[in-house]
Amino acid sequence: MQQLVKKRKAIALIFIVLMIISRFIILAGTGWANFSPVIVMSLFAGYYFTLSEALLVTFIGVTLSNIVVNNTFYSQWFDGFSWAINVHTVLFLCITLMTRVIKNKITSNIISVLFFFICSNFLVYLTGQYGYGWSALIECYYFALPFLKNTLLSNAFFGLVMFRSEEHTSELQS
């Protein structure tokens with residue numbers, strides 16, 4: 001039992017570090033925007049940790065990665081230090097909660113990408129960056145399609161790696 005607790009804590013710590021590091025993929029160029037394992041990590045946490053552990057790991061990982069990124073690469077967008085606890089953090093927590101309802105990992109992976117895309121881009125629309133009205137809403141989602149593509153590709157890649165690795169590790173231990 002104590003071995004399992006140690007393993008879970010180690011995995012949680014690795015997750016948090018990987019969430020922070022993964023946010024730097026964008027340094028390879030803007031074409032890599034949204035190619036990140038954060039959604040998959042939120043799903044993975046939901047499937048493999050207790051609910052409270054999953055929410056805590058997701059919250060800490062997303063918040064710390066946002067603090068690092070927002071106060072280094074995106075500091076021009078913030079007045080002073082950014083604690084980076086925002087609506088995106090809530091979206092990732094919702095994705096973690098989604099695992100309690102949707103048991104199929106492939107289905108939850110696809111739904112979580114679409115959920116994040118629809119919600120996060122509706123929030124962009126609400127800023128008025130594209131104006132308001134149906135044409136502005138359509139334009140907002142249209143310009144977000146490359147981000148959707150990268151999110152789908154990264155979720156397919158990281159989902160396969162993470163979930164298959166866990167299944168393989170579990171098979172070796174039995």
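## Helices and their neighbours

Modeller: Gladly, and please keep in mind that this is a predicted model. Let me start with a pair of helices: the axes of α2 and helix α5 (residues 105-126) come within 10 Å and cross at roughly 135°.

Colleague: Is α2 parallel, antiparallel, perpendicular or oblique to α5?

Modeller: The angle between the two axes is roughly 135°. Angles over 145 degrees count as roughly antiparallel and 65 to 115 as roughly perpendicular, with the rest oblique. The relation of α2 to α5 is therefore oblique.

Colleague: What is the handedness of that crossing, and how do the residues of the contact divide into nonpolar, polar and charged?

Modeller: The crossing of α2 past α5 is right-handed. On the α2 side the contact has Ile 39, Val 40, Leu 43, Tyr 47 and Tyr 48, and on the α5 side Lys 105, Ser 108, Asn 109, Ser 112, Val 113 and Phe 116. By class, the residues of this contact are seven nonpolar, three polar and one charged.

Colleague: How do α2 and α3 lie relative to each other?

Modeller: Helix α2 (residues 38-48) packs against helix α3 (residues 51-70) with the axes 8 Å apart and an angle of about 160°. Angles over 145 degrees count as roughly antiparallel. So α2 and α3 are roughly antiparallel.

Colleague: Which residues bring α2 and α3 together, and how many of them are charged?

Modeller: From α2 come Val 38, Ser 42, Ala 45 and Gly 46, which meet Ala 54, Thr 58 and Val 62 of α3.

Colleague: What span should α3 have, and what is the distance between its end C-alpha atoms?

Modeller: The expected span is 1.5 Å times one less than the number of residues. For the 20 residues of α3 that gives 28 Å, and this agrees with the distance between its end C-alpha atoms, which is 28 Å.

Colleague: Is Ile 60 buried, partly exposed or exposed?

Modeller: Ile 60 is found in α3. The buried residues of that helix include Val 57, Thr 58 and Gly 61. Buried means under 20% relative accessible area and exposed means over 50%. Ile 60 has a relative accessible area of 29%, so it is partly exposed.

Colleague: Is Asn 155 buried or exposed, and which residues does it touch?

Modeller: Asn 155 sits in helix α6 (residues 134-173). Its relative accessibility is 1%, so it counts as buried. Leaving out residues up to four places away in sequence, Asn 155 touches Ser 36, Ile 39, Val 40, Asn 109, Ser 112, Val 113 and Leu 160.

Terms used:
Residues are numbered from 1 along each chain as its sequence is written. This is a predicted model: local features need pLDDT of at least 70, side-chain atom pairs count only at pLDDT 80 or more; totals for chains, interfaces and linings use all residues. Side-chain values use heavy atoms; hydrogens and water are left out. Axes are lines fitted to C-alpha atoms, for helices over the stretch in contact, and angles run from 0 to 180 degrees between N-to-C directions. Helices (H or I, at least four residues) and strands (E, at least two) are DSSP runs, numbered from the N terminus. Angles under 35 degrees count as roughly parallel, over 145 as roughly antiparallel, 65 to 115 as roughly perpendicular and the rest as oblique. Contact means heavy atoms within 4.5 Å. Buried means under 20% relative accessible area, exposed over 50%, partly exposed in between (1.4 Å probe, protein chains only). A crossing is left-handed if the near helix is turned anticlockwise from the far one by less than a right angle, and right-handed if clockwise. Ala, Val, Leu, Ile, Met, Phe, Trp, Tyr, Cys and Pro count as nonpolar, Asp, Glu, Lys and Arg as charged, and the others, Gly among them, as polar.
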